[in-house]
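Subject: Structure for your review

Dear colleague,

I am handing over the structure we spoke about, and I would be grateful if you could look through it with the notes that follow.

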Amino acid sequence: MAFIEIRDVTFEYKMATENSDGAGSKSNVGKSDTGKAGSAGNQGKTGNITEVVGKALDGVSLDIEKGEFISIVGRNGSGKSTLAKTINGIFMPSHGTVSVDGMLTSEREKIFDIRSKVAMVFQNPDNQIVSSIVEDDIAFGPENLGIPPVEIRKRVDLALKAVDMYEHRTKAPHTLSGGQKQRIAIAGAIAMMPECIVFDEPTAMLDPMGRTKVLEIIKNLNSKGITVILITHFMEEATQADRIVVMDRGKICKDLTPKELFSDSASVIASGLELPIVAQLARRLRERGIDLEQGILTSDEFAKSIISLSTRRD
Amino acid sequence: MIRDITLGQYFPAESKVHELDARTKIIITFLYIIETFVVNNFLGFLVLAIGLAIVIGISHVPPKFIFRGLKVIIVIIIFTFVLNMFMMDGRVLWHWKFLTITYEGLYRAFFVALRLILLIIGTSMLTLSTKPIELTDGFEKLLSPLSKVGVPSGEIALMMSIALRFIPTLMEETDKIIKAQQARGADFESGNIIKRAKSLIPILIPLFISSFRIAQDLALAMEARCYHGGKSRTRMNQIAFKKVDLIAAIIVLIFFTLATMTRFIDIWHFA
């Protein structure tokens, strides 16, 4: 049995259409990210308000093994963020089941066991930091789990060192840069000692330097055995994973290794994605008749391929 | 510029006063407030003032910072002073048309003004020497016995600390909104008071909406980190009374007793 099993999950949400007068906004909570997702389904009329049932997720099944590094990509509103939030029971699927290490997210009494196994890091670093002192914020998760103070202290120090922020431990978060704040948020997740961390576009609001550092930390965590689920818009980041899951309109349309995925560049573009820059370059050169091999993703591979090309010519 | 704001009026320094447990300081401040009302003569105030001066001396907080707190209420002090001066009946010192200053009035005016000044300086020593986060922790601990009768002390403390945490975030947000509205041609600098107040609406409404969005995000993040109320929650920082707290408490109690005793010796000499 896989560590995380997602079975035929559908996530429906109600949205009031234009001629409504404010009703239905209640059911819109937390869907800002998925508002445009899915196909409009049943239209039910209640008075003069038309409620549309949309599907942010539509029959998604996915298995994730322990220690895997998978990335989920897809255009805006493809349902990737919603999928991530069903894994630790923040969203409950309308149909289907999600289980983590044999525990179903629908069993409410186990929800905190699940959340301590599957931690989550969100997009906006500012909005996920609770305390006005860095180390207090990292302690927040373990405190909620009811861990003894001495043990919390140890975990906080370890987590701070893992993200290379130990010297900033007594600072106020608002004095740090975006990348540093996101590292604090990651440390907050690490301190819960999860088996899996879901990153929901962790680098979207960071500058290139902060982005590189955060990705480095993510890879490091994975090498220590933590399962990583990385949702991203940056294909360069996605190619670091063992597996890329492509989502479109609430469905999984591809589940391949980075090499397999990007060798078929036409279908990548069809699902609303961009090729990594190196792959784009290779593709254009190929179009101009230069005989480069398929599936080039990194600059190293590109260089090798060019060299082999020139040696072949000789 | 917005990044440099200090939360509250905490003055960072290393001193015995800063070192005290927040609970000790809260209790002392509370007793001090009562004491300023128990004392009914100038000698008692002298005792309190000497005590306060010693605390200020030990705390390494520059007097400049302490008197800054007084600026805010100077109007109130002057107002009560003038009111008391003219309103009391008694031995007339000075008389002009309907205005009369009496000996008792003048005494009373000085007395009340002094009480107010001592009150403000004394209580601001608490916030000057204690980090806001320590204050909330202290309040949580002090309120925790009340949680047995249903007072959610942990939740109250968390609310206070989240509020403190988000002051700089909301300031940055306000800054962004102001700039965005200015870029769209909004004018915040001209016109009379009413016009200027109205021009705040395009700032306040987006700020309101964005603070709800932030709250939503934060709630999700807290849920993902297993927050489920104050029950079975532990804390990393265990605050504990130290020797210095006991010494401070004893010294303070001596001063309070002295100040209270002046009630009984002084009555015949002054008023």
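Throughout these notes, two residues are said to be in contact if their C-beta atoms, placed from the backbone, lie within 7 Å. With that criterion, 68% of the contacts in chain A between residues at least 6 apart in sequence join residues at least 24 apart.

Please keep in mind that this is a predicted model, in which local features need pLDDT of at least 70 and side-chain atom pairs count only at pLDDT 80 or more, while totals for chains, interfaces and linings use all residues. Residues are numbered from 1 along each chain as its sequence is written, and chains are lettered from A and ligands numbered from 1 in the order in which they are written.

Chain A overall

Chain A has 11 helices and 11 strands, where helices (H or I, at least four residues) and strands (E, at least two) are DSSP runs numbered from the N terminus. Of the 314 residues in chain A, 47% are buried; a residue is called buried if 20 or more other C-beta atoms lie within 10 Å of its own, exposed if 12 or fewer, and partly exposed in between, with C-beta atoms placed from the backbone.

The sheet in chain A

Six strands of chain A form an open sheet with mixed pairing, in the order E7-E8-E9-E4-E10-E11, and two strands are taken as paired if DSSP finds at least two bridges between them. E7 and E11 (251-256) of chain A stand at the edges with a single partner strand each, so one side of each has no neighbour in the sheet. On average, and with direction ignored, neighbouring strands of this sheet are turned by 20 degrees against each other; the axes behind that angle are lines fitted to C-alpha atoms, for helices over the stretch in contact, and angles run from 0 to 180 degrees between N-to-C directions.

Strand E4 (residues 69-74) of chain A is largely enclosed by the rest of the structure, because five of its six residues are buried. E4(A) is joined to strand E9 (residues 227-231) of chain A by four bridges, and the two run parallel; here Ile70(A) has Ile229(A) as its bridge partner in E9(A). E4(A) also pairs with E10(A) in the parallel sense, over five bridges, and Ser71(A) has Ile244(A) as its bridge partner in E10(A). Strand E10 (residues 243-248) of chain A in turn runs antiparallel to E11(A), with five bridges between them, and Val245(A) is partnered there by Asp255(A).

Other places to look at in chain A

Helix H1 (residues 80-87) of chain A is mostly covered, with eight of its eight residues buried, Lys80(A) and Lys85(A) being among them. Just after H1(A), Gly89(A) takes a positive phi of about 75 degrees.

Val163(A) lies in the loop between H4 and helix H5 (178-190) of chain A, and it counts as buried because it has 24 C-beta neighbours inside 10 Å. Leaving aside residues up to four places away in sequence, Val163(A) touches Arg183(A), Ile186(A), Ala187(A) and Ile217(A). The C-alpha atoms of Val163(A) and Arg183(A) are separated by 5.9 Å, although the two residues are 20 residues apart along the chain.

Gly102(A) lies in the loop between strand E5 (95-100) and strand E6 (103-104) of chain A, and this glycine is exposed, with 9 other C-beta atoms within 10 Å.

Where the two chains meet

The contact between the chains takes 36 residues from chain A and 28 residues from chain B. On the chain A side, helix H2 (111-117), strand E7 (118-121), helix H3 (134-144) and helix H4 (149-162) are the elements that give two or more residues, and H3(A) provides the largest share, six residues.

Chain B

Chain B is divided into domain 1 (2-143 + 239-266) and domain 2 (154-224), with bounds that come from an automatic or database domain assignment. The centres of these two domains of chain B, taken over C-alpha atoms, are separated by 34 Å, and 10 residues of domain 1 are in contact with 11 residues of domain 2.

With best regards
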